[in-house]
Amino acid sequence: MTTSGTNLEHARAHNRRVVIEAIRLNGELTRAELARMTSLTPQTVSNIATELEQAGILSSHLPRRVGGRGQPATPLTLNPDSAYSIGIHLDHQSLLVVLVDLTGRVRFRRLVKVQKPQPEPTFQCIEQILQEMRQELGGENNKIDWRKMLGIGIVMPGPFGVEGISSLGPTTLHGWDNIDVESHLGAMTGWPVTLENDATVAAIGERFHGVAKQLNSFVYLYIGTGLGAGIFTDGRIYTGHAHNAGEVGHMVVQPGGRACYCGNNGCLERYLSLQAAYEGCGLDPISAVPEDLLMVDEALFDQWLETAIEPACQAINIIECVFDAQCVIIGGMMPQQLVERLMKKLKPLYRSVRSRYPDSMRLRLGMTGADTAALGAAALPIFDEFNPQYEVLLK
């Protein structure tokens, strides 16, 4: 995959982002490699690299590469301590807070068990965790320069503000309909705050840390309490008019099928989601956690899988035909070995516009487990700050 820049003078900020993105994707690059990869002139790359080194974002402390004629080339890499961000994942049963550096390394992690979290006590809990974080990473140790904090990304189950859907059913958080989460957390911390749904931030996390690092277009199916999709097109996340793009869980795949809490029948998440798996395996959907599925008899789990395969194959077929993305990635909160069992049963996939590619390229395993959404949330401020924004070229 290549990321091209432009030598237009007014696009300087865009070109800086292109250079940072190229180094992030490749780990380390020389100035000559950056020029070839970004289509920028060597002089433009040299000026940007010098500027970013002086700002502390890039580092050139790696050993020089020896080979060929001329002076040995000095590789450039990201300075992990040049920027930090915080990710918060609030779900029906847990609150997870992580702090990561520019390279995605986790510097702080705190998990708190909650049940049906309500706004006021949840904000108090977040404030307490952030105080603990400051004490642990600050003080005499001085491990974090808080002036380099880019902001907070917070993820909550969507959809947001959709009448008839957002306030119904177990896949959404009740009592949060009219709460301005971004303003509340922003006033509490003094940092910028971005709110997104779990599938969108999981897709961003996959783009930064997972199998989608080299992909420009993909759709991430996020298996949470419900089911959602994060959509990447041409290197940018697509969120839709009201930030509800990707609510594939309420796509009707079985007309006249199981009743859904949104009022429709046969919605995809009634067949493929943690909620559906709990019900199919005889677990209490209110108290069950994803790891409980590992304790279920394999025959019982496979019996549930059989009910999910046909709806899931239909959904993947529709997604491929609509977006023509490079691949569909499946991940989320379900344990990895169970997602792998699901994916094996999904093949062979239905024919679509992607049929000329093997199933192994069309469908991939993404990040799974409890930290997936929180890491994606932490990637939000970094994504906003450093991801190339091609819109500036249209101004």
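What is the volume of the second largest cavity? It is about 50 Å³. Keep in mind that this is a predicted model.

First, the general idea. Rolling a probe the size of a water molecule over the atoms shows where empty space is left. In this model the count comes to 2 cavities of 30 Å³ or more.

Which residues line the second largest cavity? Ile 20, Glu 21 and Arg 24 are among them. Two elements give two or more residues each: α1, residues 12-26, and α11, residues 372-386. The most comes from α1, with 3 residues. By type, the lining of the second largest cavity has 6 nonpolar residues, 1 polar and 2 charged.

Now the largest pocket. Its volume is about 610 Å³. The largest pocket is lined by 30 residues, and the closest to its centre are Asp 91, His 92, Gln 93, Thr 225 and Ile 286. Find those on your screen. The lining divides into 14 nonpolar, 12 polar and 4 charged residues.

Which elements supply at least two residues each to that lining? They are β4, at 94-101, β5, at 106-113, and α7, at 274-280. The largest share, 3 residues, comes from α7.

Let's stay with β4. How many of its residues are buried? The count is 8 of 8, and the strand is mostly covered. Here is a general rule. In a regular strand the side chains alternate between the two faces of the sheet. Now look at β4 itself. Ser 94, Leu 96, Val 98 and Val 100 point one way. Leu 95, Val 97, Leu 99 and Asp 101 point the other way. Both sets are buried.

Who are the partners of β4? Take β3 to begin with. The two strands run antiparallel, joined by 7 bridges. One example: Ile 86 has Leu 99 of β4 as its bridge partner. A hairpin links β3 to β4 through 3 residues.

Then take β5. It pairs with β4 in the antiparallel sense, over 7 bridges. Here Val 97 has Arg 110 of β5 as its bridge partner. These two strands also form a hairpin, with 4 residues between them. In that turn, Gly 104 has a positive phi of about 95 degrees.

Last, the whole chain. It has 11 helices and 12 strands. Of its 395 residues, 52% are buried. And for contacts with a separation of 6 or more, 63% join residues 24 or more positions apart.

Notes. Residues numbered from 1 in each chain as written. Predicted model: local features only at pLDDT ≥ 70, side-chain atom pairs only at ≥ 80, totals over all residues. Heavy atoms only, no water. 1 Å grid on protein atoms, 1.4 Å probe; cavity = no way out; pocket = protein on both sides within 12 Å on 5 of 7 lines; lining within 4 Å. Points joined across faces, edges and corners; volume = space filled by probe spheres on them. Nonpolar A, V, L, I, M, F, W, Y, C, P; charged D, E, K, R; others polar. Buried < 20%, exposed > 50% of the residue type's maximum accessible area, 1.4 Å probe, protein only. Pairing = 2+ DSSP bridges. Contact = heavy atoms within 4.5 Å.
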